[in-house]
Amino acid sequence: MSDHSIQGVGLGLRSQHYAHILEHQPDVPWFEALADNYLGDGGLPLYHLEQIRKDYPLTFHAVGMSLGSSDPLDVDYLRKLKALTQRFESAWLSDHLSWSRSNGQVANDLLPMPYTTEAAQHVSDRIQQAQEVLGQRLVIENVSSYLSYSMDAMTEWAFLMEVVERADCLILLDINNIYVSAMNHGFEPLPYLEAIPVERVVEMHLAGYEDTGDLLFDTHGQAVHPPVWALYRAALQRFGKRPTLIEWDTDIPAFEVLQHEAQIAERHQQEVHHAQAA
Ligand SMILES: [Fe+2]
């Protein structure tokens, strides 16, 4: 899947910025909206999204498919997502390689899967079923992790590859999440990038983490940290100029702060591109 309306460095759409965007029509190539916020039948969020969609291309990001869970897929939820993506003609829809629901309980966090062949088979079957209901290929994002399971039989990137090959889905590569997982588990992040097939990556995410001293957490409440920018440059060398998104979910700053982050990402894109062309 590639949609040429989505290019350059986009921003995560947050309700705090609706008024600013509609009033100033800032120069942003695209927005990524959180699909779960727009599943109601009406109301102000949908109204604002309709207004913004008139001027900007859109992608949708979801958090509720719980693709790794053992509970039955929520088909009603998937049908609502399908209707939303059709109504707004979003370029694509993404969710996470994780689970957040088990036995009807919803966890607040997106929990990683155990990295086994059985788990890869299970989640890839569910992705295929979800794709059938949605009528489109899914874009799957790697999550950060803080714990590992004693039954892990492969690396995180081998597991990701096993899942996407089996399900024939696409990848949203979150560079911050790779860095956070690498630091928390003590692995090198570059082999992770090198294991990912170039043609499957349709989007990259950048965000800030929080360092508690013992662990890194992907809180998405700060500017992108220098080592994540360095890893982003390595990703640009491998994957080329992929659509990239600045995510900021907590302590949401003024819109200009997000635009400044996007400008830094664009500068890295240009520098890497020129260095490769030289
Ligand atoms: Fe992300």
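Which residue takes a positive phi just after helix 4? Just after helix 4, the residue with a positive phi, of about 70°, is G135. The model is predicted: local features need pLDDT of at least 70, side-chain atom pairs count only at pLDDT 80 or more, and totals for chains, interfaces and linings use all residues. Residues are numbered from 1 along each chain as its sequence is written.

**Helix 4**
- Helix 4 spans residues 117-134, 18 residues in total, where helices are DSSP runs of H or I with at least four residues, numbered from the N terminus.
- From first to last C-alpha helix 4 reaches 25 Å, close to the expected 26 Å (1.5 Å times one less than the number of residues).
- Its buried residues (20 or more other C-beta atoms within 10 Å of their own C-beta, placed from the backbone) are A119, A120, V123, S124, R126, I127 and A130.
- Because these residues cover an arc of only 160° around the axis, they lie on the same side of helix 4; the arc is that of the directions from the helix axis to the C-beta atoms.
- On the other side, T117, E118 and E132 are exposed (12 or fewer such atoms).

- Strand 9 (residues 201-206) and strand 12 (residues 244-246) run parallel and are joined by three bridges.
- M204 has T244 of strand 12 as its bridge partner.

How values were computed:
Helix = DSSP H or I, 4+ residues; strand = E, 2+ residues; numbered from the N terminus. Pairing = 2+ DSSP bridges.
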